[in-house]
Every structure is written in C-alpha cells, then in structure tokens.
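Today I am opening a new notebook page and looking up a few things in one structure. Keep the picture beside you and follow along.

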Amino acid sequence: MSVIAQIFVVIAGLFHLAVFAMESLLFRKPSTYRRFLVKETDVEASRPWAFNQGFYNLFLAIGAFGGLIWGGDKGHAIALFACACMAGAGVVLLASDRRMLRAAAAQAVPPILALVLAAVL
C-alpha cells in the first residue's frame, strides 16, 4: 500500500478514535451530545446507545491501525476492510439524516480516499 494511502488510513483511524471518545467517554457534556443532535432531555436514554456505538468506532480504528502495524498483504487487507466499514457507515449516516452531511463526510471521505489510493497507486 502506498504511503499516501496509509496516511489516509491513519486519518480515518484518528477520526474514529475521536468519535469513540465523544460517544463513550464524553457523551454527557452538552457540547458533545449536541453534536449528535441529542436533546438534553434525551441524554440519559441515548447514553447506552452512544457508549456502545463508541466502541464500534474504537474497533474500526484498531482495525485500521492494527492492519498498518501488522503490514504486508494481510495487514493491509485488514486496514482496508476497516476503511470500507468506515466509509459504509458514513454513507448510512448521510442516508439516515441529511443534517449530518458534515459528519458523514468527515467519517467517510478519508477512508474512501485510502481505498481509492490503495487501488490505483
């Protein structure tokens, strides 16, 4: 995998680590739950979902980073599979709520670039 594709894998992994922190560790902060369009009255009901969802993001980041660290064809396949999952989740986010366009783009564009660059370079 080219270095530039690996850079986008890392960017995608870092984004998902940040989302893990927001969803699983910082969700009760108003500045955090508002990012997810959650109202104050719904925070406690949403928190278990957010906690669980945060770990999905953590596992995707681990897949991306772990695949790069492992290296070789098998490791790169793991990293690219994690990127494909990230990109798919971004598309689903946009399809589910058009107000989440910026978040969906931030989630999906880096892994899509990693996938495209890995395929063409």
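**Entry 1**

I began with Glu 44, which counts as partly exposed because its relative accessibility is 48%. In my notes, buried means under 20% relative accessible area, exposed means over 50%, and partly exposed is in between (1.4 Å probe, protein chains only).

A word on the source: this is a predicted model, where local features need pLDDT of at least 70 and side-chain atom pairs count only at pLDDT 80 or more, while totals for chains, interfaces and linings use all residues. Residues are numbered from 1 along each chain as its sequence is written, and side-chain values use heavy atoms, with hydrogens and water left out.

How many salt bridges does the structure hold? I found 3 of them. A salt bridge here is a side-chain nitrogen of Lys or Arg within 4 Å of a carboxyl oxygen of Asp or Glu. Side chains of opposite charge can pair when their charged atoms come close.

Glu 44 forms a salt bridge with Arg 28, and their closest N and O atoms are 3.0 Å apart. This pair links distant parts of the chain: Glu 44 sits in helix H3 (residues 43–70), and Arg 28 in the loop between H1 and helix H2 (30–33), 16 residues apart. For my helix labels, helices (H or I, at least four residues) and strands (E, at least two) are DSSP runs, numbered from the N terminus.

Glu 44 also meets Arg 47 in a salt bridge, at 3.5 Å from N to O. Glu 44 and Arg 47 are separated by about one helical turn, because they are 3 residues apart in helix H3. Arg 47 is partly exposed, with a relative accessible area of 30%. Salt bridges that share partners join Arg 28, Glu 44 and Arg 47 into one network.

**Entry 2: Asp 97 and Arg 99**

Next I looked up the salt bridge between Arg 99 and Asp 97, where the closest N and O atoms are 2.8 Å apart. Is Arg 99 buried or exposed? Arg 99 is exposed, since its relative accessible area is 63%.

**Entry 3: H1 against H5**

Then I turned to helix packing. The axes of helix H1 (residues 3–25) and helix H5 (residues 101–120) come within 8 Å and cross at roughly 155 degrees. Axes are lines fitted to C-alpha atoms, for helices over the stretch in contact, and angles run from 0 to 180 degrees between N-to-C directions. H1 and H5 are therefore roughly antiparallel to each other. The cut-offs I used: under 35 degrees is roughly parallel, over 145 roughly antiparallel, 65 to 115 roughly perpendicular, and the rest oblique.

The crossing of H1 and H5 is left-handed. That means the near helix is turned anticlockwise from the far one by less than a right angle; clockwise would be right-handed.

The residues in this contact include Phe 8, Val 9 and Phe 15 of H1, and Pro 110, Leu 113 and Ala 114 of H5. Contact means heavy atoms within 4.5 Å. Ala, Val, Leu, Ile, Met, Phe, Trp, Tyr, Cys and Pro count as nonpolar, Asp, Glu, Lys and Arg as charged, and the others, Gly among them, as polar.

**Entry 4: H4 and its neighbours**

Helix H4 (residues 72–96) and H5 pack at an angle of about 150 degrees, with their axes 8 Å apart. H4 passes H5 in a left-handed crossing. Among the residues that meet are Leu 80, Cys 83 and Gly 90 in H4, and Ala 104, Gln 107 and Ala 114 in H5. This contact has 17 nonpolar, 2 polar and no charged residues.

How do H1 and H4 lie to each other, and at what angle do they cross? Their axes come within 10 Å and cross at roughly 55 degrees, so H1 and H4 are oblique to each other. Their contact includes Val 9 and His 16 of H1, and His 76 and Cys 83 of H4. By class, H1 with H4 has 5 nonpolar, 4 polar and no charged residues.

**Entry 5: two buried residues**

I finished with Ala 114, which lies in helix H5. Ala 114 counts as buried, because its relative accessibility is 0%. Leaving aside its neighbours within four places in sequence, Ala 114 is in contact with Ala 5, Phe 8, Val 9, Leu 80 and Cys 83.

Gly 90, in helix H4, counts as buried at 3% relative accessibility. With neighbours within four places in sequence left aside, Gly 90 touches Ala 104, Gln 107 and Ala 108.
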